[in-house]
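This report describes a protein chain from its atoms.

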Amino acid sequence: MHGTISSAQKPRNILTSAQLPKYTSIAMLVASMAVAFGVLALFESATGLMGVLLGSLIYLVSNYALSASVEGPRKAKDRLALNIVTAFFILALFPLVSVIWGTLSKGIARFDGEFFGSSMRNIVGEGGGAVHAIWGTLIITGLATLISVPIGILTAIFLVEYGGSGKAATLARLIRFLVDVMTGIPSIVAGLFAYTIFSILMGPGTNNGLSGASALSVLMIPTVVRSTEEMLRLVPNELREASYALGVPKYRTIWKIVLPTSIAGIVTGVVLGIARVIGETAPLLVTAGITASMNLNPLANPMATLPVFVYYEYTTPGADPTPYIDRAWSGALTLIIIVMGLNLIGRLIAWKFAPKAGR
């Protein structure tokens, strides 16, 4: 019939034709790895790393050649770029997965009630736990957060809302410069600074939790300032101008409009600041010290923390190092879990208080 067009006469759809099947890339990757390990096995030099590298190279070349012959050079270049980006993503992800897996596999051995319910007081060899170090970490990090967050947020508010012109602009530039300098300060310098200040105020050789919190706050404040400043700059000026047009004072505009709009980013910055300092060891070695007993008073006597606990357990084992190494890995795993928990809490707070769509 004249109204019927045969399949050979149908116009070709350039958007759907000349495309490789959906699972071609996966099949080629598997085949490339098999060829690479087979070739290395023939030469009796098969190793995991060499096989993966050779297989990846074979896959990139063969995938590009096949795609260029079937789909054209433009699509082939796109596939090549996607494969390279994916490879670098996996390469960047590998250390993270390796650290998590290594810590989990080695730290689970002492994840028991004794580890979380007892300290190292009068413990030599097996047994004992890190409850004193866990409480010390929470107390010192909490004090550092209480010191750093108000200072960091108020400094960022000044830089964004009040440091735009005149003498305030000059002061804002100076503050930004000092914050940038503080960002690069080695952690041991912060520890020595806090140790010196508390030695002057409370006597030589002072070690307590407040001194450790002060050292951590020196490291945390720059992170909070920079992250909060960037979040405040993302708030549209139209919101501020609309508030001013209604006669709302500037301080109420900041409190009711600017801060609620950027609260999610501010909380994220605070969580990043906490994660930045909670694993610091060098400043706490100098300021908070180490103890085998429980101490919940940050104003007197040394206070143990998880990073310092892990450091001493790993570097000063006894005649049988196994229980010391097991406690060190369990302490490291506990620290990772605490950081993950803080991130989850921060995300929940940001979700709870962030402006909802449609309001």
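## Around M220

Not counting residues up to four places away in sequence, M220 touches A144, T145, S148, V149, V270, G273, I274 and V277; contact means heavy atoms within 4.5 Å. This is a predicted model, in which local features need pLDDT of at least 70 and side-chain atom pairs count only at pLDDT 80 or more, while totals for chains, interfaces and linings use all residues. Residues are numbered from 1 along each chain as its sequence is written, and side-chain values use heavy atoms, with hydrogens and water left out.

M220 sits in helix α8; helices (H or I, at least four residues) and strands (E, at least two) are DSSP runs, numbered from the N terminus. M220 counts as buried because its relative accessibility is 0%. Here buried means under 20% relative accessible area, exposed over 50%, and partly exposed in between (1.4 Å probe, protein chains only). V277 is 57 residues from M220 along the chain, yet their C-alpha atoms are separated by 6.5 Å.

## Nonpolar cores

A nonpolar core is a set of buried Ala, Val, Leu, Ile, Met, Phe, Trp, Tyr and Cys residues joined through side-chain atoms within 4.5 Å. The largest one has 28 residues, and I140, M220, L232 and V270 have the most contacts inside it. At least two residues of this core come from each of α5 (131–162), α8 (209–233), α10 (250–261) and α11 (263–277). The largest share, 8 residues, is supplied by α5.

L232 is in contact with A156, I157, V160, R240, V258, L259, S262 and I266, leaving aside its neighbours within four places in sequence. Another core lies apart from this one; it has 13 residues, among them F115, A130, I278 and A328.

Which loop holds N208? N208 is found between α7 (187–202) and α8. Its contacts, leaving aside neighbours within four places in sequence, are F198, M202, T287, A288, P298, L299, A300 and N301. N208 and M303 are 95 residues apart in sequence, with 5.9 Å from C-alpha to C-alpha.

N122 lies in the loop between α4 (113–117) and α5, and N301 in the loop between α12 (282–287) and α13 (306–315). Phi of N122 is positive, near 60°, in a residue other than glycine. N301 is not a glycine either, and has a positive phi of about 70°.

| Residue | Relative accessibility | State |
|---|---|---|
| N122 | 73% | exposed |
| N208 | 2% | buried |
| N301 | 54% | exposed |

## The whole chain

The protein has 14 helices and 0 strands. Of its 359 residues, 37% are buried. Among contacts between residues at least 6 apart in sequence, 67% join residues at least 24 apart.

The radius of gyration is 29 Å, whereas a compact globule of 359 residues would have one near 21 Å. This radius is taken over C-alpha atoms, and the globule rule is 2.2 Å times the number of residues to the power 0.38. Along the principal axes, the C-alpha trace spans about 100 × 75 × 35 Å.
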